[in-house]
Amino acid sequence: MNAHVTNAVVLRDLSRSFAGKTVLDRISLDIPAGQFVALLGESGSGKTTLLRALAGLDDDAQTKGHFNTPDSVSVLFQDSRLLPWKTVIDNLTLGLRRPDAAPSAKAMLHEVGLADKTDVWPSTLSGGQKQRASLARSLLRSPDLLLADEPFGALDALTRLKMQALLMRLVEHKRPTIILVTHDVDEALLLADRILVLKDGQIAEDHAVSVPHPRRDHQIEITSLRTRLLKSLGVETDSI
Amino acid sequence: MTDISSGRIEGARSKRHSGSAARRSINLVPAKLPAGFRLLGPAIVLIVWEAASRLGLLSPATLAAPSTAIKTGYEMLVDGSLLPHLAASSARAYSGLVLGVITGVVLALLSGLTRTGEALIDGLVQIKRAVPTLALIPLVIIWLGIGETMKVFLIFTAVLVPVYINTHAALRGIDIGHVELARTLGLTRGEFIRHVALPGALPGFFVSLRLAVALCWTALVVLELVNTQTGIGYLMNRARDWGQTEIIVVGIIIYAALGLLSDALVRIVEARALSYRRALGS
């Protein structure tokens, strides 16, 4: 790894087990600042556990080894987790102690296309709108590290494409380090600079994706990697 | 041309479909009741009751006719003999209610938000829950005498339990997702309680408030049978001695009206406080 690059995330022999069952098994990993990492893996491979460990969640787990993350970390959950009793803007500014919290929240809502939803209850939003509000809440905190746990997994295919494009546009300038847990190989190939495949709590594969953006124009170059990733996730694509 | 013709076929087909679906459909869930129809049952009972009285099937010594009771109630209201009793009863019921709700909420917060609180409080309230309020009457009379304090105290203890139980359960049942969100947003404990825990427990609190409002009147009826010279319960008790069933019915009507009115009031406040829930409404 390049010596000049500072690592935003460093894991050393990180293990986590729940009630005696090992979920993460001595993971060591360096993620340079600004890198977009996709975490792939079958169900139960430990990808969400790894993300939640970095987010400081799951206190009840037995943890060994150590990890470093930047001070400013934001988490994007699969469900939007907007508080139903707060308006959209109050959800965004929740816990923000900056004096300009309200105006910058408004600007952020404008960015994600929810300018007209500032003062409505979250229950009136569609699934895609909720997730956009949730993304706005995360990015409003200008995180150095964005941890995203299948944020688009529950959305329909069209909304998902729009959200992926929105995410890329919003992080273009500030370039936070991003770790995206996903089960969608195409999503990983479309967005990430680097794809990790987790298997039985260990990093089984580590691929750099050097294809330039926008990737829609480079389908052929990513096809072989796609096939390979699907195969390592137990999907044979020969017949389709 | 093809578009038009196929459109017509489509239209005809879908019509036939909806027709056959309507014929075959089974109502698994009853349709929504139109407003006011809920009063049909009570109205029928009233009519039968009144008719039975007028036809002489129901002697006034057993049960006065509703019309007689309403007339008596109106006369008592006009000659000023009802209001002092109503005021006395309301004062007892609502002071007990206010004390019970405040104490119940404070105990639920202490117990729901701190471990020490739960260790100290929860067991005690659970024990109180298992003891019927009426079983405490002899002891409380020895402690506080047979005056107003005793009555308010017993209403207070009766109200406290459901308020505590429901509010506490709501606080403990907070969505774990919201707790995780609060952690990742870096909320302080104070911010978490104010923005997440308390609003999350509000629906549970309103359930408890509706129980409490009904309960404070229930407890009152019994307590007003113990050494009082005022109150609706006293009126009813005296009427029993004199065989005035119409006054007993007046008392029952007042209790029912107060109960329904209080419940409606709580519902209105609840609908306002939880307006975010109705956002999608109908």
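This note walks through a few features of the model above, point by point.

1. A word on reading the model: it is predicted, so local features need pLDDT of at least 70 and side-chain atom pairs count only at pLDDT 80 or more, while totals for chains, interfaces and linings use all residues. Residues are numbered from 1 along each chain as its sequence is written, and chains are lettered from A, with ligands numbered from 1, in the order in which they are written.

2. Let us start with chain A, which has seven helices and nine strands. Helices here are DSSP runs of H or I with at least four residues, strands are runs of E with at least two, and both are numbered from the N terminus. The C-alpha atoms of chain A fill a box of roughly 45 × 40 × 40 Å along the principal axes. The radius of gyration of chain A is 18 Å, which agrees with the value near 18 Å for a compact globule of 240 residues. That radius is taken over C-alpha atoms, and the globule rule is 2.2 Å times the number of residues to the power 0.38.

3. How much of chain A counts as buried? The share is 39% of its 240 residues. A residue is buried if 20 or more other C-beta atoms, placed from the backbone, lie within 10 Å of its own, exposed if 12 or fewer do, and partly exposed in between. Among contacts in chain A between residues at least 6 apart in sequence, 69% join residues at least 24 apart; a contact means that two C-beta atoms, placed from the backbone, lie within 7 Å.

4. Helix α1 of chain A (residues 47-54) is worth a look: seven of its eight residues are buried, so the helix is largely enclosed by the rest of the structure. Among them are K47(A), T48(A) and L54(A). After α1(A) comes G56(A), with a positive phi near 80 degrees.

5. Where the chains meet, 14 residues come from chain A and 16 residues from chain B. On the chain B side, α8 (176-184) and α9 (189-223) each supply at least two residues, and α8(B) gives the most, with six. That side of chain B has eight nonpolar, five polar and three charged residues. Ala, Val, Leu, Ile, Met, Phe, Trp, Tyr, Cys and Pro count as nonpolar, Asp, Glu, Lys and Arg as charged, and the others, Gly among them, as polar.

6. Within chain B, helices α10 (residues 232-241) and α11 (residues 245-273) pack at about 155 degrees, with axes 8 Å apart. Residues of α10(B) including L235(B) and M236(B) meet residues of α11(B), I248(B) and G251(B) among them. This contact has eight nonpolar residues, one polar and one charged.

7. Another pair in chain B is α6 (residues 137-144) and α7 (residues 148-172), whose axes come within 9 Å and cross at roughly 135 degrees. That makes α6(B) oblique to α7(B). I137(B), V140(B), I141(B) and L144(B) in α6(B) meet T149(B), M150(B), F153(B) and L154(B) in α7(B). The contact of α6(B) with α7(B) has seven nonpolar, one polar and no charged residues.

8. Finally, is L55(B) buried or exposed? With 8 C-beta neighbours inside 10 Å, L55(B) counts as exposed. L55(B) sits in the loop between α2 (40-54) and α3 (66-78) of chain B.

Conventions. Axes are lines fitted to C-alpha atoms, for helices over the stretch in contact, and angles run from 0 to 180 degrees between N-to-C directions. Angles under 35 degrees count as roughly parallel, over 145 as roughly antiparallel, 65 to 115 as roughly perpendicular and the rest as oblique.
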